[in-house]
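I opened this notebook to record what I looked up, one element at a time. I begin with a helix, then go on to a strand and a pocket.

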Amino acid sequence: MTRFLGAIDQGTTSTRFIVFDRRGETIASAQKEHRQIYPRPGWVEHDAAEIWRNTLEVIGAALARGGLSASDLAAVGVTNQRETTVLWDRRTGEPLHHALVWQDTRVAPLVAEYAREGGSDRFRAKTGLPLASYFSAPKLKWLLDEVPGARAMALAGDALAGTVDSWLVWNLSGGPRGGLHLTDVTNASRTQLMSLQTLDWDPELLEAFEIPRAALPRIVPSSGVCCEAEVPPLAGASVAALLGDQQAALVGQACFRPGQAKSTYGTGCFVLMNTGEQAVSSRAGLLTTVAYQLGGERARYALEGSIAITGALVQWLRDNLRLIASSAEIEPLARQVDDNGGVYFVPAFSGLYAPHWDASARGVIAGLTHHSSRAHLARAVLEATAYQTRDVLAAMERDCGIPMKELRVDGGMVVNELLMQFQADILDASVVRPRVTETTALGSAYAAGLAVGYWSGPEELAANWEVARRWTPAMSAERRERLLRSWRKAVERSTGWID
């Protein structure tokens with residue numbers, strides 16, 4: 001039988017396993033959501049043990065649906081929600097606390113304390129990242145300080161820490177019975193503990209955040225056989241790629257040339273531009289991050305703009321305000337009006353991310369009048385995603401000096417054609433949806449396939465990429481500028497809300 005590639009796609013709200021063929025077509029898949037735990041306002045947690053159980057369940061379900069077994073897989077890639085931080089007992093395999101999710105803001109006071117000495121860019125030269133509650137280092141420090149006995153266990157090598165890729169690979173490779181503690185350069189670059197220059201944990205950063213090196217995983221390339229799965233239903237399969245989800249989408253979109261960019265529209269929205277072998281330092285509020293490292297090749301870097309709330313805003317409209325019964329209802333509702341009626345929604349629920357980086361900002365709905373309706377609010381919710389994406393891409397243009405002509409898009413929201421057309425209009429650039437939209441999982445499968453020779457190289461992967469739909473701008477420059485002017489006023493009103 002033809003051998004396929006498997007991908008574990010562990011995201012913020014669910015876990016999926018997808019089997020792909022050589023053309024990148026889906027052969028079989030399964031998906032399961034996990035709980036979102038909110039102990040206090042601003043606190044967001046996941047049960048890592050539940051995520052591991054779900055991972056095994058979706059692997060088994062997808063293989064069963066495809067009539068496959070682990071022996072039919074040439075290799076498996078892992079891609080994961082980034083920055084979410086897990087701490088567990090090496091001896092028992094039990095998490096010592098719920099995982100702290102990337103959206104969690106409980107460490108904001110700690111971040112402010114670090115920023116008092118050297119400012120928010122204190123560690124940017126080494127890490128490419130500003131000080132923010134978003135990243136893993138302050139989350140891990142909180143866990144070590146607040147979980148009874150955790151720091152002593154970490155110093156003794158009995159407590160292991162990592163992002164979700166590390167947790168999954170450790171369990172896949174045996175867990176308490178000799179599991180391997182690994183992460184890749186893309187996930188490590190999101191911890192604020194790795195040097196972009198050395199691609200290793202930095203002693204100065206470990207000391208600053210009081211993180212014992214014994215608790216951290218070994219850093220490996222994104223593409224390369226790192227272990228053999230020891231647990232059913234994947235036992236015997238090679239795990240040959242680890243990639244943070246947004247870097248995986250960059251690979252899945254075949255953005256291998258400097259200047260190529262993609263935007264993934266999910267719970268949040270993440271825009272990455274490949275900058276090649278050069279780690280471009282941002283002057284416009286963006287992140288410098290590792291894009292990928294294929295085997296023994298030099299690492300490639302990217303500029304990234306991270307937006308916390310996009311698809312999550314549609315869910316909020318559904319679950320909190322109950323203006324829609326399902327997420328799919330938002331587009332027909334928004335189409336009931338010709339424009340936003342002057343309504344703007346800035347979804348700074350946990351502060352503003354790139355390019356503003358204002359942890360004190362909070363959500364604002366601006367421009368309401370007696371004329372405003374639920375349809376105007378629905379349209380403002382969709383447009384908020386496009387405005388935020390435009391802010392990030394404008395910052396990338398300022399940093400790189402490369403005008404944006406085309407944006408490759410993926411993620412759950414790209415089925416919304418009203419949003420995609422407005423995105424093209426407000427960018428004044430083409431927006432392109434590929435034939436295969438599961439680009440996060442596909443990117444990890446691509447990286448795994450490269451590691452075992454399933455594909456010859458990035459050129460073959462680029463040839464796989466095909467356009468399914470293209471949106472071109474149809475808005476006048478005058479109207480675009482008028483809308484952006486009002487959006488900027490709304491953003492300004494959201495800032496500095498928390499003292």
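**Entry 1: helix α1**

I looked up helix α1, residues 48-65, and found that its 18 residues reach 26 Å from the first C-alpha to the last, close to the 26 Å expected at 1.5 Å a residue. I noted that the expected span is 1.5 Å times one less than the number of residues, and that helices (H or I, at least four residues) and strands (E, at least two) are DSSP runs numbered from the N terminus. This is a predicted model, in which local features need pLDDT of at least 70 and side-chain atom pairs count only at pLDDT 80 or more, while totals for chains, interfaces and linings use all residues. Residues are numbered from 1 along each chain as its sequence is written, and side-chain values use heavy atoms, with hydrogens and water left out.

At the start of α1, I found a side-chain oxygen of Asp47 within 3.0 Å of the backbone nitrogen of Ala49. After the helix comes Gly67, whose phi is positive, near 65 degrees.

Next I checked which residues of α1 are buried (under 20% relative accessible area, where exposed is over 50% and partly exposed lies in between, with a 1.4 Å probe and protein chains only). Among them are Ile51, Trp52, Thr55, Val58, Ile59 and Ala62. I kept in mind that an α-helix has 3.6 residues a turn, so residues three or four places apart point the same way.

The side chain of Thr55 reaches the backbone oxygen of Ile51 at 2.8 Å.

**Entry 2: strand β1**

Strand β1 covers residues 4-10, and seven of its seven residues are buried, so it is largely enclosed by the rest of the structure. On one side I listed Phe4, Gly6, Ile8 and Gln10, and on the other Leu5, Ala7 and Asp9.

I looked up the neighbours of β1 next, with pairing taken as at least two DSSP bridges between two strands. Seven bridges join β1 to β5 (residues 73-80) in parallel, and there Gly6 stands opposite Val76. Six bridges join β1 to β2 (residues 14-20), which runs antiparallel to it, with Phe20 as the bridge partner of Leu5. A hairpin of three residues links β1 to β2.

**Entry 3: a lining by class**

Last, I looked at the residues that line the second largest pocket, and by class I found 12 nonpolar, five polar and two charged. Here Ala, Val, Leu, Ile, Met, Phe, Trp, Tyr, Cys and Pro count as nonpolar, Asp, Glu, Lys and Arg as charged, and the others, Gly among them, as polar.

Note on methods:
A polar contact is a pair of N or O atoms within 3.5 Å; within protein, one must be able to donate a hydrogen and the other to accept it, and residues adjacent in sequence count only if both atoms are side-chain atoms.
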